[in-house]
2 protein chains.
Amino acid sequence: MTTEARRILIEAAQELYAANGVAATTPREVLARSGVGQGSLYHHFPSKRDLAAAAVAQTVDDTLGSATATLHGPAEPQLRITDYLERPRAATAGCRVGRLTADPVVMGDDTLRGEVSRYFTELIELVAQAFAEQGLDAAAARDRATTAVAVIQGGYVLSRALDDDTAMRSAVRGLLELLGAEA
Amino acid sequence: MTTEARRILIEAAQELYAANGVAATTPREVLARSGVGQGSLYHHFPSKRDLAAAAVAQTVDDTLGSATATLHGPAEPQLRITDYLERPRAATAGCRVGRLTADPVVMGDDTLRGEVSRYFTELIELVAQAFAEQGLDAAAARDRATTAVAVIQGGYVLSRALDDDTAMRSAVRGLLELLGAEA
DNA sequence: GTCTATAGAGAGATAGAC
DNA sequence: GTCTATCTCTCTATAGAC
């Protein structure tokens, strides 16, 4: 299987990046977790950054796909937004994409940075569309979408810092209260 | 000056951590930036973690002190909250404390984790007090404070990801709009 | 396409003189 | 308390056989 080792390596890298980030993940760890040999790794991915580019792009695609399923669905816009905000999350683990903004290897590489940027650009756009469908003008919808995405990202930071899932829930509850009060 | 080298080392470490995080900052870099010799570093801080503990504690104290000045001041609670949210920030650089939640060295050390936890515990409490003074009950004030701090932390993540200060401003504008609409 | 062996650089830390 | 020299370990990557 020419492409099998490649896929296994990407999966192993995704899991390790989620746990420790890109910079702190060594080729040796990826080899150990994947069960693939050293020769294979460097055959498929000549450098650590090549592997990171493939694995991070995959994580962004996975995560965006699942967000799109919720936010671009058939339900009422308000319900789609609420579903997105209340979705179950492993909050104390942090966001797999958001955490990369603190990763020196990611931020030092244009390709990797671009993936992270793409994720948030598209995510904010998805949320903004839902708010616009509720009747907000484009600028207000964009601000509110940025606020909503920031609450989730900040919720991850706080849950991780406090080692407590309830911080995410508290942040979301506070936002929903404000959104509800306005309606 | 027995304590002078120590202070200089902590300052250099704080700056390097703000730029690259703790894990990616090497003792050699701290030496180069501080101008202090290797013997001094290992005299004052037997290990990398000892230096990190001192520098991170200092950063938390600095940052909390400045937040307290705004949030615990003499002005009306609403104005204090607005001042805090709109305070000028180097948003694309990320939060010096929040970014540490993605740092494997910090998260792998109980002392360092404790400092990050202390920061957000106290910050949320400060903001919650201001909301409580506005008449919210304790639970609602706490949720709303968590939301507000999450918006700032998320704003940092988004600004850094998009390499654009305006993401932070947009997130704050969206929150202020909701807070204003409710009043 | 995968293997084993190994190179070169830099990491974190220690030794011992001053 | 600070200096220079150096140690050991791991990192990322390469070489060359199969």
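This is a predicted model: local features need pLDDT of at least 70, side-chain atom pairs count only at pLDDT 80 or more; totals for chains, interfaces and linings use all residues.

Select A:Gly154 to begin. This residue is buried, with a relative accessible area of 0%; buried means under 20% relative accessible area, exposed over 50%, and partly exposed in between, with a 1.4 Å probe and protein chains only. A:Gly154 belongs to helix 8 of chain A, where helices are DSSP runs of H or I with at least four residues, strands are runs of E with at least two, and both are numbered from the N terminus. Leaving aside residues up to four places away in sequence, A:Gly154 touches B:Ala150, B:Gln153 and B:Gly154; contact means heavy atoms within 4.5 Å.

Residues are numbered from 1 along each chain as its sequence is written, chains are lettered from A and ligands numbered from 1 in the order in which they are written, and side-chain values use heavy atoms, with hydrogens and water left out.

Now select the whole of chain A. Its secondary structure consists of nine helices and zero strands. The C-alpha trace of chain A spans about 60 × 30 × 30 Å along its principal axes. Of the 183 residues in chain A, 50% are buried. Among contacts in chain A between residues at least 6 apart in sequence, 65% join residues at least 24 apart.

Display chain B as well and turn to the interface. The size of an interface is often given as the accessible area lost when the parts come together. Between them, chain A and chain B bury about 3,400 Å², 67% of it on carbon and sulfur atoms; this buried area is the accessible area (1.4 Å probe) that two parts lose on being put together, summed over both.

Select A:Arg144 together with B:Glu177. Their side chains meet in a salt bridge at 3.2 Å, N to O, a term that requires a side-chain nitrogen of Lys or Arg within 4 Å of a carboxyl oxygen of Asp or Glu. Six salt bridges are found across the interface of chain A and chain B.

Finally, select A:Tyr119 and A:Phe120. Their ring centres are 4.8 Å apart and their planes stand at 75 degrees, so the pair is edge-to-face; rings of Phe, Tyr and Trp (its six-membered ring) pair if their centres lie within 6.5 Å, and planes under 30 degrees apart count as stacked, over 60 as edge-to-face and the rest as tilted. A:Tyr119 is buried at 4% relative accessible area, and A:Phe120 is buried at 0%. In chain B, select B:Tyr119 and B:Phe120, an edge-to-face pair with 4.8 Å centre to centre and 75 degrees between the planes.
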